[in-house]
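Hi everyone, thanks for coming. Let me put the structure up, and then we can walk through some of its side-chain pairs, a helix and a hairpin together.

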Amino acid sequence: MQINWTAFSIFIIFFLFVAVLGFVAARWRRGDLSHLEEWGLAGRRFGTLITWFLVGGDLYTAYTFIAVPGLMYGKGALGFYAVPYTTVVYPIFLLILPRFWSVARSKGYVTASDFVQGRYGDKLLSFVVALTGIIATIPYIALQLTGMQAVITAMGIPGSWPLIIAFIILALFAYTSGLRAPAMIAIVKDLMIYITIIVAVILIPIKLGGFGPIFHASAAALAKHHPPGSIALSPKLYATYGTLALGSALALFLYPHAVTGVFSASSRRVVKRNMALLPAYSFALGIIALLGYMALAAGVHTKSTSEAVPLLFLKEFPTWFAGFGFAAIGIGALVPAAIMSIASANLFTRNIYKAFFSPNASHETEARVAKIVSLVIILLALVFILGFPQQYAISMQQVGGILILQTLPAVVFGLFTRWFHRRALFLGWLVGIVLGVLMWASTGYQSTSYAVGGVTAYAGIWALIVNIVVALVFTVLFRAMGLSNGEDETVPSDYHVDVETSA
């Protein structure tokens, strides 16, 4: 494939610009980056606007531009589950996250596992929540790298070396600037993405004759796929669609990177405002999803669904603007990948390294270990994507969801009640993890849906149901046996703390 030098040049200009921003960010809202709370949470000083950009940039990523339209391109209406998923998530977590932020601020918690340790006084339960978060995040980082790989391929750049260079830049500015880097870059990234969306939703339908012809042509193209797809959801997919949406919504703010974004907010009110404002991104996601149908209608042909949108941009946009769109996608991969690596490093440092190997580690040691681990996490994600290519990139997010959902009882239930026994929560987690992975494995690692009693649904939901049942049954049993349920270091007032802010 011949290199598209115009698109590549525009891509490089913007990519280098945000790389510089990433390093400059170390001086923004200056703090002592040798402390984990400053490096990993930016000192918890972000106001409403910065938090909106940060959390939005964290959640609406290459997953948005590449994976969702890719699923629409390959399978049709099933891919639209991402829209209700990112709609129902905010009212659900409006009830949860302000409470979570308050107790974290009151007790100085940096991670969800810090809360689990404080709530239950149980290192083992805290450890498995941390380990699950790290493992679930690696394929999610790989999903971001898939997006970058797709645009690099579309521009005709051979080999994996551009992806490796991007990884090195990402790793270095995350190491240098911590959470401030993706927060600053997220502002540029979101502006570029909104410009690209506005142009795409106006220009491409005009060139293709309007949405009527787009839907007609995409329906005809999907019918020829193997297996056939459809722009209307088949009744047999209702349960899969609904449980994918619900499971993904419940999982979203359990991910370490989402928790990190929320904990960096300066007040409880900032968190509440963002639960009200973030659905603006969901509206944009609905438009982006339709790019998959536009690619079908435009006659884009590719075996890799991840390349559908980049090839559509090359076909329908002027070359220079295609390069701008590619840069938006590439930068949209950098922001969440950086936050995810930082969040995973926070988990390892606080809940594995400090908990088991160096209980008396200084603030400086914590920060140094976290910085090194962030590099390792990004390296593992790079190996994952280069060694385990996926037909549907979105499956990486779905697999991560199966794992992270199993931490819901310990984290979310724990925010509201101490009734569940810590050992029962551990057993529920263990059964849920094993069952979820076995369900995925039974499909040959090709699908995250699994049939039980003739109902095909998201494996993460099936596993979570069993997880909760096990936790309930063994809680009753262990309470009857009088087993110790650990010490709770929190008090009711911790869950209502707020901080005034002018940010």
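Let's start with a pair: the side chains of Asp 494 and Lys 107 meet in a salt bridge at 3.6 Å, N to O, where a salt bridge means a side-chain nitrogen of Lys or Arg within 4 Å of a carboxyl oxygen of Asp or Glu. Asp 494 lies in the segment after helix 23 and Lys 107 in helix 6, residues 97–107, so this pair ties together parts that are 387 residues apart in sequence. Helices here are DSSP runs of H or I with at least four residues, strands are runs of E with at least two, and both are numbered from the N terminus.

A word on provenance: this is a predicted model, where local features need pLDDT of at least 70 and side-chain atom pairs count only at pLDDT 80 or more, while totals for chains, interfaces and linings use all residues. Residues are numbered from 1 along each chain as its sequence is written, and side-chain values use heavy atoms, with hydrogens and water left out.

Back to our pair. Asp 494 is buried at 6% relative accessible area, whereas Lys 107 is partly exposed at 33%. Buried means under 20% relative accessible area, exposed means over 50%, and partly exposed is in between, with a 1.4 Å probe and protein chains only.

Which residue forms a salt bridge with Asp 122? Arg 422 does, with the closest N and O atoms 3.4 Å apart. This pair links distant parts of the chain, 300 residues apart: Arg 422 is in helix 22, residues 422–442, and Asp 122 is in the loop between helix 7 (112–120) and helix 8 (123–154). Arg 422 is buried at 13%, and Asp 122 is buried at 2%.

Next, Lys 354 and Glu 366 meet through their side chains in a salt bridge of 3.0 Å, N to O. Lys 354 lies in helix 18 (residues 319–357) and Glu 366 in helix 19 (residues 363–387), so the bridge ties together parts 12 residues apart in sequence. Lys 354 is partly exposed at 23%, while Glu 366 counts as buried at 3%. Both belong to a network of salt bridges that also links Asp 114 and Arg 350.

Staying with helix 7, Ser 113 is found there and is buried, with a relative accessible area of 0%. Leaving aside neighbours within four places in sequence, Ser 113 is in contact with Ser 126, Val 129, Ala 130, Leu 347 and Asn 351; contact means heavy atoms within 4.5 Å.

Just after helix 22, Gly 444 takes a positive phi of about 70 degrees.

Finally, the hairpin. Strand 1 (residues 449–452) and strand 2 (residues 455–458) pair in the antiparallel sense over four bridges, pairing being called when DSSP finds at least two bridges between two strands. Ala 451 stands opposite Thr 456 in strand 2. The hairpin has two residues between the strands, and Gly 453 takes a positive phi near 60 degrees. Thanks, and I'm happy to take questions!
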